[in-house]
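This report examines the charged pairs, the nonpolar core and selected local features of one protein model. The sequence and structure are shown first.

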Amino acid sequence: MAARALLLGLALGTAAGAGAALAQGGPMSAIDWLSDTLSTVPDEAHPPEPGTSDGAGIETIDVTPLGAVSSDAVGLLPASVTGLPVDLWGNSASAELATLMDDLHDGLLPAARDLLHTLLLAELDPPADSDPNHRLFLARVDTLIAMGAVDQAHALLDRAGPGDADSFARYFDASLLLGTEDAACRKLAAAPDLAPSLAARIFCLARNGDWATAALTLETGRALGDLSGAEDAILARYLDPETFEGVPQLAPPKRPSPLVFRLYEAIAEPIPTGLLPLPFAQADLQLNTGWKAQIEAAERLARSGAIDANQLLGLYTERAPAASGGVWDRVAAVQRFDAALNAGSDEAARTLAPAWAALKDADLHPVFAELYGKRLQGLTLEGDAARLAFEIGLLSDAYETAAIARQPEDPRERFLKAVARGDVADTAPPGPAAAAIADGFGAGGAPERLAPLVQRGNLGEAILRALILSRGGGHGDTSKLRDAIALLRAAGLEDTARQIALQTLILVEDA
């Protein structure tokens with residue numbers, strides 16, 4: 001976006017500058033669907049190693065204004081909330097931490113994912129090598145977006161202030177996905193040199209009401225070859241839809257950027273989000289979206305932990321199912337159980353298993369446990385319903401309460417109860433994964449493969465590596481599971497260690 005009185009020369013200058021920036025650098029972000037500036041990084045973002053010099057023999061010096069706060073230190077959760085030491089990153093290299101975060105955005109158990117989410121949002125001292133390029137901050141934002149937590153990423157960017165091109169590009173894309181692009185365009189009007197692309201500039205000119213300058217900038221970009229054919233086609237329709245009445249619709253791109261996604265929506269040719277990357281599901285949570293689309297989007301986001309489970313429950317119980325099959329069967333099953341539970345009816349016991357099975361088929365059973373695990377502990381249940389409520393309770397934050405209330409009926413239940421209580425020393429593990437968990441609980445310190453990181457004060461890096469180990473440990477590599485549990489307990493993350501152990505035994509082994 002630009003001010004209404006913006007001169008053509010400034011428009012051309014910004015376009016040329018954006019084109020030059022996009023021509024530099026190599027891949028930085030694995031999120032290849034974001035704006036072009038997110039998949040490239042200027043060469044200056046990769047300074048020479050400390051102690052080296054460039055070709056002219058002059059050392060590169062990073063300059064930070066006195067009193068400036070590094071974006072790497074910005075967070076939404078203070079230490080008083082997270083309980084994490086502020087020097088968690090220690091001397092770890094920002095690039096290494098960024099790489100680990102990029103590897104962690106998918107495939108984690110819920111407890112591991114929740115811990116990662118806390119790390120991404122925590123206020124922590126920046127790493128020792130933090131510089132004005134704030135690559136760790138950008139990696140935190142990218143990982144949040146990849147996990148579907150677009151609103152948290154947007155809030156983090158807002159807190160830091162999207163005052164450079166890399167940060168603003170992410171802020172702009174997050175705003176598009178959340179439907180708050182007008183605010184982003186107003187920011188761009190005040191700092192037009194931050195435009196992620198010429199297409200973004202044209203879009204924002206129009207959103208600010210300066211349609212004439214937007215059209216002129218489109219013509220100029222077309223003449224200079226600064227727009228792709230696809231950008232030209234969609235922007236032309238957006239700026240002058242009447243000209244294209246009766247013309248065949250454009251074929252939707254397979255990997256649209258958030259801007260292209262919004263432009264297609266604006267010309268009444270919306271692109272379904274079901275096959276798009278997870279963050280696009282955020283767009284379907286808006287009130288102008290149909291109920292079914294909202295539910296399906298909320299299921300995707302709840303499955304990844306990007307939204308609160310109660311948001312999905314609110315959609316499930318909003319009205320009567322419109323049909324049967326698929327999502328409607330899940331809606332009906334949850335509504336029956338929720339109504340029975342709220343009424344204190346004996347029907348709660350009968351409707352529990354069908355509701356659990358319906359959500360388990362959609363890989364949403366951890367969400368069900370989050371919603372109902374604690375409440376189930378207040379019911380008097382027998383037989384299969386009692387056994388099921390016990391395991392659902394173990395998957396919730398009330399896992400200790402569930403363990404105390406249950407008298408185990410077999411070796412597996414005895415071990416689950418011991419894990420939930422945090423003491424497995426006198427309980428025989430019923431299988432290889434359980435044996436690995438028992439070894440992790442009995443380790444007494446950081447495992448050999450991660451101990452050097454802890455000894456050097458790089459506890460945050462050790463935790464990230466333990467989360468990676470926990471992901472592999474649930475699928476047969478018991479040594480990884482053992483070491484993940486041992487490290488988390490040594491780091492004082494007892495609650496996460498127990499929950500990962502329980503989730504491995506219930507969600508992974510029973511899958």
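## Salt bridges

Across the whole structure of this predicted model, a search finds 26 salt bridges. One of these is formed by the side chains of Asp 142 and Arg 170, with an N to O distance of 2.7 Å. This pair connects distant parts of the chain, since Asp 142 belongs to helix 5 and Arg 170 to helix 7, 28 residues apart. Both Asp 142 and Arg 170 are buried.

A second bridge joins the side chains of Glu 391 and Arg 412 at 2.3 Å, N to O. Here too, distant parts of the chain are linked: Glu 391 lies in helix 18 (residues 383-394) and Arg 412 in helix 20, 21 residues apart. Glu 391 counts as buried because its relative accessibility, 18%, is under the 20% limit. Arg 412, with a relative accessible area of 25%, is partly exposed. The side chains of Arg 489 and Glu 494 also form a salt bridge (2.8 Å, N to O), and Arg 489 is partly exposed at 25% relative accessible area.

## Overall architecture and core

The protein contains 25 helices and zero strands. Of its 511 residues, 51% count as buried. Among contacts between residues at least 6 apart in sequence, 64% join residues at least 24 apart.

The largest nonpolar core comprises 157 residues, and Phe 172 and Leu 394 have the most contacts inside it. Beyond residues up to four places away in sequence, Leu 394 touches Tyr 399, Ala 402, Ala 403, Leu 416, Ala 420, Leu 502 and Ile 506.

Helix 6 (residues 150-160) has a set of buried residues made up of Val 150, Gln 152, Ala 153, His 154, Leu 156 and Leu 157. Their cover includes helix 4 (110-121), helix 5 (135-146) and helix 7 (165-178). Just after helix 6, Gly 161 adopts a positive phi of about 90°.

## Two aspartates in loops

Asp 284 is located in the loop between helix 12 (258-266) and helix 13 (291-303). Although buried, Asp 284 has no salt bridge, and the nearest side chain of opposite charge, Arg 300, is 6.8 Å away.

Asp 423 occupies the loop between helix 20 (411-421) and helix 21 (432-441). A polar atom of the Asp 423 side chain lies 3.2 Å from the backbone nitrogen of Ala 425.

Conventions
Residues numbered from 1 in each chain as written. Predicted model: local features only at pLDDT ≥ 70, side-chain atom pairs only at ≥ 80, totals over all residues. Heavy atoms only, no water. Helix = DSSP H or I, 4+ residues; strand = E, 2+ residues; numbered from the N terminus. Buried < 20%, exposed > 50% of the residue type's maximum accessible area, 1.4 Å probe, protein only. Contact = heavy atoms within 4.5 Å. Lys, Arg positive; Asp, Glu negative; His and termini not counted. Salt bridge = Lys/Arg side-chain N within 4 Å of Asp/Glu carboxyl O. Core = buried A, V, L, I, M, F, W, Y, C linked by side-chain atoms within 4.5 Å. Polar contact = N/O pair within 3.5 Å; in protein donor to acceptor, adjacent residues only side chain to side chain.
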